Amino acid sequence: MSLSTLFEPIYGDGAAQQAPRYAAALAAFARLYGAGDVAIYRAPGRVNLIGEHTDYNHGFVLPAALDKDAVILARPRPDATVRLANVEEGYAATAFDISPDIPPDAVGAWSNYVRGAAQALARTIDRPLHGFDGLVVSAPPYGVPRGSGLSSSSALTVAAAVTVAHLNGLGGASYDAHFAGIMDHFASVLGRSGHAMFLDCRPMADGEYRTEHVPLPEGYRLLVVDSGVHHRNVGGGYNQRVAECRAGVGLLQARFPGITHLRDVQEQAWDDLAADLPEETTLAALRAQGVALDDLPGVSDDAVLRVRPRCRHVWTENRRVLAAMAAMIAGDVATLGGLLNAAHASARDDYEISCPEIETLVDAAREVDGVAGARLTGAGWGGCMVALVAAEAAPAFERHVVECYRAATGRTPGVFVCRAGPGAGFVGNVGPGAIRE
Ligand code: GLA
């Protein structure tokens, strides 16, 4: 089997660099389970190009699947057992039987993503499923950077689902996005090389979701820079943003009965909506007004809810996603870059999810020639920046951003030059010695 046939459709001109990674993994697989044929599966991480904190408001997102992925090498077994190892040190081997009720591993253990995917499939398929001997290969730099908002855990979950489905002869529909959550799994399953994927997070009447592949500008790379910081308030802050949006919906229901998400008022003029949305309020004050919001974990009665700016971010961000898509289709990089920058400003000022470290990265990125735009990506309060950078400017970008970030914070950021790659799937079957280092 020629290496280029196997890897080029996935990794493009980065295919050659993948050979040592796969060769080492195949050798490790043979040591663990013996020589013979091996099936290769993969699922990518994703970066959200634009459309932040819109998904839970039933809005629009525009993520891209990356060429960083979780890989599973597998050999089917006649029974239901999954024997699972991981090439990384500290990731202990484990085993379980596939069934609709797979006992979980310890809390936080890596194998739970594989167990969860196998269990989800077993629950939807009305027959026993075969297990496999498997080896997981997901370490950066070729794997998805962890804890950075690039969906490394979704990648492993989707890779496991693809493995179980394919080894059991189940069609694509069995492991498509229905099985999974919203943006992250969708992007990992449905990504396309050189494209971002527009996703409308509001299900249609038949329960399907509308997606559209949009070409990324040719000659540009997605530069993802990991700040390495994760501010403490990620969980609490995220829940509070959800509450603030729900408060907006609750208040707007007086005038727009029956609405359930901010998406329902996307067609109204913003000034008209703003009149009903207070700059600040609290759950207690809302209750006194007859707006009861139940089921809001971790938000205290007297926490200040900044309803108007939060809703303004969501309303304007949805528009920016549509405009970004139009700019990409028109090949208008300048407009696209401007929209990325505007999305960042809105996330920083209206949604208040940036932090000094991310501001340092964004400021530094925009100083480099060839950078179309840069913004925080993911939940916020740390995590990553994404920048759209002319391919030839990538080395200068990396030098400048690393230097500025070190000078300001004393930390070295992780810089990942990414292409938009294809979604999850079966890569191929290889025999012993098929891929040499
Ligand atoms: C996290 C969540 C996503 C999305 C983003 C914000 O990454 O996993 O679903 O809500 O935050 O856009």
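Domain bounds come from an automatic or database domain assignment. The shell around the ligand takes at least three residues from each of domain 1 (3-214 + 421-430) and domain 2 (226-418). The model is predicted: local features need pLDDT of at least 70, side-chain atom pairs count only at pLDDT 80 or more, and totals for chains, interfaces and linings use all residues. Residues are numbered from 1 along each chain as its sequence is written, and side-chain values use heavy atoms, with hydrogens and water left out.

**Ligand shell**
- Arg46, Glu52, His53, Asp55, Tyr56, Met183, Asp184, Tyr238, Gly378 and Ala379 surround the ligand (a heavy atom within 4 Å).
- By class, four shell residues are nonpolar, two polar and four charged. Here Tyr and Met count as nonpolar, Asp, Glu, Lys and Arg as charged, and Gly as polar.

**Polar contacts and cover**
- Polar contacts are pairs of N or O atoms within 3.5 Å.
- A polar side-chain atom of Tyr238 is 2.6 Å from a ligand oxygen atom.
- For Glu52, the distance from a polar side-chain atom to a ligand oxygen atom is 2.7 Å.
- A side-chain N or O atom of Asp184 lies 3.5 Å from an oxygen atom of the ligand.
- Of the 310 Å² of accessible area that the ligand has on its own, the protein covers 81% (Shrake-Rupley method, 1.4 Å probe).

**Backbone features**
- Most residues other than glycine have a negative phi, and most peptide bonds are trans.
- His53 is not a glycine, yet has a positive phi of about 60°.
- Pro140 and Pro141 are joined by a cis peptide bond, with omega about 10°.

Terms used:
Polar contact = N/O pair within 3.5 Å; in protein donor to acceptor, adjacent residues only side chain to side chain.
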